[in-house]
Amino acid sequence: MAKHNELGHLGEQYAVQHLQSIDYQIIETDWQYNHKDIDIIAFDPEDLALVFVEVKTRSSDTFGEPLEAITQRKMQNLICCANVYIRQHNYNGQSRFDVISLVGNSIPFQLTHIKDAFNAATAY
């Protein structure tokens, strides 16, 4: 596995631990549909919401914050995947998109968790 892939995988594991520490229930990790994926699908019991989480990990912020790597196209892909997941699971409740940004080479990462980072209106 390439170094950047290893860092990304480690970052996703760290993000899962973070979400569990704030009582999110992890439902899926690396859920895929049509060559697109959602890093983490979780349930936030406080907000009673299904949460689709995009995790961005970078070794440093020299070339910008990890959040800057989430393009409009990426948001549209996440929304598409989330809609498929919701339909496949007949989910009728609230949902949202969170972003977790991680900076560093290893645990513990510098973590920023943005709840409700974007929605369909901002992605198009």
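The accessible surface of the protein chain amounts to about 7200 Å², and carbon and sulfur atoms account for 46% of it. The model is predicted. The chain has 124 residues, of which 40% are buried. Its secondary structure consists of 3 helices and 5 strands, arranged along the sequence in the pattern α-β-β-β-α-β-β-α. Among contacts with a separation of 6 or more, 58% are between residues 24 or more positions apart.

The largest nonpolar core contains 17 residues, and those touching the most other members are Trp31, Ile38, Ile41, Phe52, Phe97 and Phe118. At least two residues of this core come from each of strand 2 (36-44), strand 3 (49-58), helix 2 (72-88) and strand 4. Helix 2 contributes the most, with 8 residues. The contacts of Phe52, leaving aside neighbours within four places in sequence, are with Ile38, Ile40, Ile41, Ala82, Tyr85, Ile86, Ser95, Arg96, Phe97 and Asp98. A separate core of 14 residues lies apart from the largest one, and its members include Tyr24, Ile40, Val51 and Ile100. In soluble globular proteins, nonpolar side chains tend to be buried together.

The structure holds 5 aromatic pairs. In one of them, the ring centres of Trp31 and Tyr85 are 5.1 Å apart and the ring planes stand at 90 degrees, so the pair is classed as edge-to-face. Because Trp31 belongs to strand 1 (residues 25-33) and Tyr85 to helix 2, this pair ties together parts that are 54 residues apart in sequence. Trp31 is buried, with a relative accessible area of 10%, and Tyr85 is buried as well, at 5%. A single aromatic cluster is formed by Trp31, Phe52, Tyr85, Phe97 and Phe118.

Asp98, one of the residues in contact with Phe52, is placed in strand 4 (residues 94-103). The relative accessible area of Asp98 is 0%, so this residue counts as buried. A polar atom of the Asp98 side chain lies 2.9 Å from the backbone nitrogen of Asp116. Not counting residues up to four places away in sequence, Asp98 touches Tyr24, Val51, Phe52, Val53, Glu54, His113, Ile114, Lys115, Asp116 and Ala117. Among these contacts, Phe52 is a member of the largest nonpolar core, whereas Tyr24 and Val51 belong to the core of 14 residues.

Technical notes:
Residues numbered from 1 in each chain as written. Predicted model: local features only at pLDDT ≥ 70, side-chain atom pairs only at ≥ 80, totals over all residues. Heavy atoms only, no water. Helix = DSSP H or I, 4+ residues; strand = E, 2+ residues; numbered from the N terminus. Buried < 20%, exposed > 50% of the residue type's maximum accessible area, 1.4 Å probe, protein only. Polar contact = N/O pair within 3.5 Å; in protein donor to acceptor, adjacent residues only side chain to side chain. Contact = heavy atoms within 4.5 Å. Core = buried A, V, L, I, M, F, W, Y, C linked by side-chain atoms within 4.5 Å. Areas by Shrake-Rupley, 256 points an atom, 1.4 Å probe, with all protein chains shown as cover. Phe/Tyr/Trp six-rings, centres within 6.5 Å; stacked < 30°, edge-to-face > 60°.
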